Amino acid sequence: MRRISRKKALTLVKELDAFPKVPESYVETTASGGTVSLVAFSLMAVLAFLEFFVYRNTWMNYEYEVDKDFTSKLKINVDITVAMRCQYIGADVLDLAETMVASDGLKYEPVKFELPPERKLWHMTLLHIQERLRVEHSLQNVLFKSAMKGPSPVPSQSEDTSSSLSACRIHGHLYVNKVAGNFHITIGKSIPHPRGHAHLAALVSHDSYNFSHRIDHLSFGEEIPGLINALDGTEKITTDANHMFQYFITIVPTKLNTYKVSAETHQYSVTERERVIDHAAGSHGVSGIFMKYDISSLMVKVTEQHMPLWQFLVRLCGIIGGIFSTTGMIHGMVGYLVDVVCCRFQMGIYKRINAPLDGQADGQMVAPTGSYSEQ
């Protein structure tokens with residue numbers, strides 16, 4: 001009984017076979033079929049190779065959520081060169097709560113304002129990248145992928161200690177509250193004041209004012225090498241002593257997760273404005289560089305993603321099966337059309353074959369009739 005049930009089961013399985021085997025004696029191979037097979041296999045290989053590159057490629061996914069972290073400190077990374085001597089200027093931060101942040105984390109380094117040839121080349125390259133970023137926003141995804149952990153490279157400065165070092169490089173970092181504030185560089189060193197703060201500008205000669213500057217780097221949050229910020233490479237030259245430069249910055253908290261780095265940093269957008277201070281013409285203010293920043297309540301999560309393995313296998317099977325089926329259909333249709341054009345599929349052939357059969361059938365029908373009449 002068990003053998004009988006096994007045979008029935010095997011018979012049932014054989015009847016469900018969707019891939020019946022054709023004996024080799026019934027298979028006919030042709031040169032056209034071989035040519036189509038070579039073309040199909042070549043096309044499969046090329047498309048499968050390209051599909052593998054698509055599988056290896058990654059893209060950046062953007063998600064938005066409310067930033068609920070308002071208790072932590074915001075780190076400001078600064079590297080600005082001003083065309084004035086270090087003893088004449090001071091930098092500090094005053095936030096919206098009238099809290100003055102000490103600038104202990106900033107260093108004042110006498111340098112030349114003019115860049116050496118190698119750094120000038122890099123500065124021109126940086127300006128070109130900034131210009132392309134304004135036009136092609138997808139380049140920002142390339143920068144995100146190239147970002148990496150580690151300290152930023154420190155630009156080399158000239159070791160000339162002569163009196164030609166008439167500029168001041170202010171670099172370092174500050175920790176401020178996560179509220180709107182104003183980072184500024186102006187005349188005189190800052191001193192604490194009961195109603196805020198003040199700068200000792202009276203001790204500086206008006207003829208020494210020159211707020212031409214170059215922003216080598218300005219970022220917020222964790223400093224990530226490989227990312228280019230909106231103000232990196234900005235250079236402003238002025239011939240007026242009383243000149244005010246204003247940058248209105250909107251900071252967006254950003255969580256960056258790629259295959260190289262995972263960090264919490266900040267992106268920002270900026271609007272620039274500059275004017276000459278002329279009290280006689282009604283243009284009031286203080287000469288200097290003012291960066292007024294505000295923090296967005298939304299957070300951006302940037303995640304690097306790629307195609308799942310199962311999706312790659314499904315697409316690969318679709319390529320192979322689709323090409324195999326399509327080339328088979330095309331080969332059959334072309335062969336049918338060739339047979340029709342070359343007159344190999346003619347009704348006359350079937351007529352010549354059917355004519356003797358009809359005559360034989362008529363003879364068979366006459367014989368019984370004659371024998372029946374004789375009887």
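I began with Phe 183 in this predicted model and listed its contacts, leaving aside neighbours within four places in sequence. Phe 183 is in contact with Val 78, Ile 80, Ala 91, Asp 92, Val 93, Leu 106, Leu 174, Ile 289, Phe 290, Met 291 and Tyr 293.

Next I looked up the core around it. Phe 183 belongs to the largest nonpolar core, which has 35 residues. Along with Ile 185, Leu 218, Ile 249 and Met 291, Phe 183 touches the most other members. I then noted which elements give two or more residues to this core: β2 (73–82), β3 (89–95), β6 (167–177), β7 (181–187), β10 (213–221), β12 (243–257) and β14 (288–295). The most comes from β2, with five residues. I also found a second, separate core of 13 residues, with Met 60, Leu 227, Val 261 and Val 300 among them.

I turned to the helices. In α5 I found Phe 312, Leu 316, Ile 319, Ile 323 and Thr 327 buried. Residues three or four places apart on an α-helix point the same way, because there are 3.6 residues a turn. Part of what covers the buried residues of α5 is α2 (31–56).

I checked the length of α5, residues 309–341. At 1.5 Å a residue, its 33 residues should span 48 Å, and the end C-alpha atoms are 48 Å apart, so the two agree.

Last, I consulted the UniProt record. An unreviewed entry lists residues 35–55 and 312–338 under "transmembrane region". In the model, residues 35–55 are 100% helix and 0% strand, with end C-alpha atoms 30 Å apart. Residues 312–338 are also 100% helix and 0% strand, and their end C-alpha atoms lie 39 Å apart.

Technical notes. Residues are numbered from 1 along each chain as its sequence is written. This is a predicted model: local features need pLDDT of at least 70, side-chain atom pairs count only at pLDDT 80 or more; totals for chains, interfaces and linings use all residues. Side-chain values use heavy atoms; hydrogens and water are left out. Helices (H or I, at least four residues) and strands (E, at least two) are DSSP runs, numbered from the N terminus. The expected span of a helix is 1.5 Å times one less than its number of residues. Buried means under 20% relative accessible area, exposed over 50%, partly exposed in between (1.4 Å probe, protein chains only). Contact means heavy atoms within 4.5 Å. A nonpolar core is a set of buried Ala, Val, Leu, Ile, Met, Phe, Trp, Tyr and Cys residues joined through side-chain atoms within 4.5 Å. UniProt positions are given in the numbering used here, feature names are shortened, and annotations may be inferred rather than shown by experiment.
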